[in-house]
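Please open the model in the viewer and follow the stops below in order.

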Amino acid sequence: MPETIDVKQRILAANEAAAKLLRGRAEANGTLVTNLISSPGSGKTTLLEATVRTLASRLRVAVIEGDIATERDAERLRALGVPAHQILTGGACHLDARQVDAALQLAAFPLVDLLFIENVGNLICPTSYDLGEDFKVVLLSVTEGEDKPFKYPAIFAKAAVTVITKSDLLPHVTFDLDAVRRQVASLNPDGRLLVTSARSGDGIGDWCGLLEERLAAKRSART
Amino acid sequence: MHELSIAHEILRTCRQAVAGHGPGRLETVRVAVGELSAVEPDLLCFAWEALTAEGPDAGSRLDVEWRPARQHCPACDADKPRSAGSWLRVCPDCGAVLEVDGGDELDVLQLTFVPDEKDEATHA
Ligand SMILES: Nc1nc2c(ncn2[C@@H]2O[C@H](COP(=O)(O)OP(=O)(O)OP(=O)(O)O)[C@@H](O)[C@H]2O)c(=O)[nH]1
Ligand SMILES: [Mg+2]
Ligand SMILES: [Zn+2]
């Protein structure tokens, strides 16, 4: 005779518990944590390099890099003097909170103001996993096409900030910025959208300003 | 495809739930998947098949209950139906921001478990 058992459990309960722990620690430390998500090559690491160049004199920064293979992205950040730890997922298409927790233990970063988590290049899978971040950031480069928000609605709906990257290439590609703005606004009316180029520096000041604002807001909410 | 990771978590959760029930096999597992959870039901079922194929739970069935998100317009005071796959958060009639309720479900609801008869007999 088969037995029927009521389970009633969140499938990602283990991830959610780890995320809660991470969030609590970041709260206690006054660290602003962002989870950067995009397709491969949209410019996550390059944006982080530009961010570090702009902010490192004022704020303490650390980076966790998620990739399937190679230490390359962490090395790029370390070359700028930023503590960076590489998580190698060995094939998995997303980071989960337990990996981030383990990485933070291993890395033993000093106390920082900003912790960036660069997720594995993928617009779908990372969406489901809370990493204890304050907010998700989705990046979309102008070479990827303007239909992406409606094609990958989950991440554009969930990310508090959408960063359009590689705006220096706009003259060379067909990319209807207004169409993207409209899609993001209708998926995520409370979200922010920034247009940036790490190459020309366009919009990098706005992006860094947003980070500083959110950090200040988080800290003043604490006291 | 993170559906395989999700399937792993489902199996782990189920196996934990039957841990005190002796040896046996899962027969059916019912899960809820919300439309905002970024999990694709078909891919999840394929992943489940692949994951369980070699073990004691081979042939078990994963039943996915699809949970749409409910969208309510506070200005029109009405629920707003959407076409499939459309996620718009603004009211098609008045432009107000819609309130979203549910759709983020990702739960193991219930399972059926068939204890090994042979084992029951030897322990009886
Ligand atoms: N023209 C231009 N190229 C850029 C810009 N930002 C990044 N790139 C180029 O885009 C390519 C990919 O950039 P990365 O920063 O490595 O992208 P990523 O998102 O970190 O990639 P993965 O970690 O592999 O997912 C590199 O060749 C960069 O030089 C930009 O603002 N303008
Ligand atoms: Mg990178
Ligand atoms: Zn309305």
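Between which two elements of chain A is the loop in which A:Ser167 is found? Select A:Ser167: the loop runs between β7 (161-165) and α7 (177-187) of chain A, where helices (H or I, at least four residues) and strands (E, at least two) are DSSP runs numbered from the N terminus. The model is predicted, so local features need pLDDT of at least 70 and side-chain atom pairs count only at pLDDT 80 or more, while totals for chains, interfaces and linings use all residues. Residues are numbered from 1 along each chain as its sequence is written, chains are lettered from A and ligands numbered from 1 in the order in which they are written, and side-chain values use heavy atoms, without hydrogens and water.

A:Ser167 has a relative accessible area of 8% and is therefore buried (under 20%, 1.4 Å probe, protein chains only). Leaving aside residues up to four places away in sequence, display its contacts (heavy atoms within 4.5 Å): A:Val142, A:Val195, A:Thr196, A:Ser197 and A:Asp202.

Next, select ligand 1. Its shell holds 19 residues (a heavy atom within 4 Å), and A:Lys44, A:Thr45, A:Thr46, A:Asp168 and A:Ala198 are the closest.

Now show the polar contacts (N or O pairs within 3.5 Å). An oxygen atom of ligand 1 lies 2.8 Å from a polar side-chain atom of A:Lys44, and for A:Glu118 the distance to an oxygen atom of the ligand is 2.9 Å. The side chain of A:Asp168 places an N or O atom 2.7 Å from a nitrogen atom of ligand 1.

Finally, colour α2 (44-55) and α3 (72-78) of chain A, the elements that give two or more residues to this shell. The most come from α2(A), with three residues.

Note on methods
Buried means under 20% relative accessible area, exposed over 50%, partly exposed in between (1.4 Å probe, protein chains only). A polar contact is a pair of N or O atoms within 3.5 Å; within protein, one must be able to donate a hydrogen and the other to accept it, and residues adjacent in sequence count only if both atoms are side-chain atoms.
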